[in-house]
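I opened this notebook to keep track of what I looked up in one structure. The entries follow the order in which I went through them.

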Amino acid sequence: MKDEWRRALAKRFILHPSAFILSALIAFSSSAKQRVVRGETQAQWLKTHAIALASVEPSADESDLAPLLPLVTNARVIALGDATHGTHEFFSVKQRLIPFLVKHANVRTIIFEAPYAEIEAINDYVRTGAGDPSALLHIDNYFFWNADEVLDAIGWIRAWNAAGNPPVDVAGADAFHTQTTIARVLSQLGGDVRGEAEKDYACVANISISTAQWYRDACRASVMSVRPLLEANHAAPEIVHAARIVEQGEEALDRDSAMAENIEWLADRPGAGNFVLWGHNEHFGKTPTTLNDPNGATSAGTFLAEHYGERYVSIGTIALKGRFNASELWGSDWIVGQYSMLDATPDDFAAQFATASMPRMIVPLRGALPSWLALPHPIRVAGSNVASHTQTTVAVTEEIAKKFDAVIYVETTTATHLRP
């Protein structure tokens, strides 16, 4: 995307195949060409077209995942979305999908909806074994990543790398936590270059909500001088881009625009393999999000779908009922607890999926679809926080087939296993 176009949009607010896989590819490709029979019920269509999942828990048996391969065969970036940031089943299914996609879809980087610098420290661990991932997952304002499911996924990546397989990296797409990004940049520099960059970044620590505009402008100019300095001194491309992330944080860019820019920078490098994104449905779906803006805000997935076309594949998650973790504001403190999803209305996509009596399934959304699946209907989602104990989820009306290439449906969910 052109910088000018992104900045204009930024003003808007705001995841060797075996014989069984080959046979599944053929079966899935054939079913994808079938047209919907007139008068087919929701249950009938789902039983014919949906992919039943044996489990959403980690398993050595990947046969039920095999029909996903045709969907991701040509993908560069595969988004795996979460309808909430605190649902165990949404996280545990990633523990199945990530190893599967690493082994069968040339995925070589997992990008989290999380701050750049903190995830870079975790990448040091998966690459070298240095550091303690259970401590590194304690990230301010991102409590939901500090969960057993995520720690186990990180552990799998480390074990894969340690076994001498083609290495897999992890990365963070968020521009938040500017000070930790500055510290990461400075740690990679030496001598006079470090001293000059440190001086140019010093003003950032003094910025607050009450800072005068003249000081903000002067600080922005100072911050913007670092990247040319690094380029002139032939710093590594990764460090030059980290300086760009500092700029994003200081500019207070729209979060989704910044995440898309960072994902594109990673994925557009030649020879980098393919990528999985792990984050919220509303960030990585292919349509604008109305979760925080009823008029619709451009999501990172919208930018990425524009940039990659069919090579961007988005797989969302939805549930009928269950529990999840989130934070709620009590006085001046955000307190993390467990909450129940609000009941689904009859036209909710989850209620319609429930008619098939398939407790776990993948619903493909490409090709010919019945009208009930092609038209807008509600999906209940929650971010990292809830409004209250009685207003726990938000029903966003979505054209699901435009937003996702497939969705993973779970009938009943439980909360993630948060770490102390």
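Before the first entry I need a cut-off: a residue is buried when its relative accessible area is under 20%, exposed when it is over 50%, and partly exposed in between. The model I am reading is a predicted one.

Entry on Thr290. I looked up the accessibility of Thr290 and found a relative accessible area of 32%, so Thr290 is partly exposed. I located Thr290 in the loop between α15 (281-284) and α16 (300-308). Leaving aside neighbours within four places in sequence, I listed Glu282, Gly296 and Val396 as the contacts of Thr290. I also checked Thr290 against Glu398: the two are 108 residues apart in sequence, and their C-alpha atoms are 9.1 Å apart in space.

Entry on Trp278. I found Trp278 in strand β5, which covers residues 274-280. Its relative accessibility is 0%, so I noted Trp278 as buried. The side chain of Trp278 makes a polar contact of 3.0 Å with the side chain of Asp82. I then looked at Ala114, which is 164 residues away from Trp278 along the chain; the C-alpha atoms of the pair are separated by 9.3 Å.

Entry on Gln352. I placed Gln352 in helix α17, residues 349-354. With a relative accessible area of 5%, Gln352 is buried. I followed the side chain of Gln352 to the backbone oxygen of Asp347, which it reaches at 2.8 Å. Apart from neighbours within four places in sequence, the residues in contact with Gln352 are Gln42, Leu46, Pro346, Asp347, Trp372 and His377.

Entry on two asparagines. I noted that Asn106 has a positive phi of about 55° although it is not a glycine. Asn106 sits in the loop between α5 (88-104) and β3 (107-115), and its relative accessible area of 39% makes it partly exposed. Asn141 belongs to the loop between α7 (133-136) and α8. At 65% relative accessibility, Asn141 counts as exposed.

Entry on helix α10. Which residues of α10 are buried? Going through residues 191-201, I wrote down Val193, Ala197, Asp200 and Tyr201. Viewed down the axis of α10, these buried residues fall within an arc of 95°, so they line one face of the helix. On the face turned away from that buried side I found the exposed residues Gly191, Asp192 and Lys199. I then looked for what covers the buried residues of α10, and the cover includes α9 (178-187), α11 (213-224), α12 (226-232) and α13 (237-251).

Entry on the second largest cavity. Rolling a probe the size of a water molecule over the atoms shows where empty space is left. I recorded a volume of about 30 Å³ for the second largest cavity. Which residues line the second largest cavity? I listed Phe112, Ile119, Ile122, Leu137, Trp145, Val150 and Ile154. Sorted by kind, the lining has 7 nonpolar residues, no polar and no charged. I noted that α6 (116-128) and α8 (148-162) each supply at least two residues of this lining.

Key
Residues are numbered from 1 along each chain as its sequence is written. This is a predicted model: local features need pLDDT of at least 70, side-chain atom pairs count only at pLDDT 80 or more; totals for chains, interfaces and linings use all residues. Side-chain values use heavy atoms; hydrogens and water are left out. Buried means under 20% relative accessible area, exposed over 50%, partly exposed in between (1.4 Å probe, protein chains only). Helices (H or I, at least four residues) and strands (E, at least two) are DSSP runs, numbered from the N terminus. The arc is that of the directions from the helix axis to the C-beta atoms. Contact means heavy atoms within 4.5 Å. On a 1 Å grid over the protein atoms alone, a cavity is a set of points where a 1.4 Å probe fits but cannot get out, and a pocket is an open set with protein on both sides within 12 Å along at least five of seven lines; lining residues have an atom within 4 Å of a point. Grid points are joined across faces, edges and corners, and a volume is the space filled by probe spheres set on the points. Ala, Val, Leu, Ile, Met, Phe, Trp, Tyr, Cys and Pro count as nonpolar, Asp, Glu, Lys and Arg as charged, and the others, Gly among them, as polar. A polar contact is a pair of N or O atoms within 3.5 Å; within protein, one must be able to donate a hydrogen and the other to accept it, and residues adjacent in sequence count only if both atoms are side-chain atoms.
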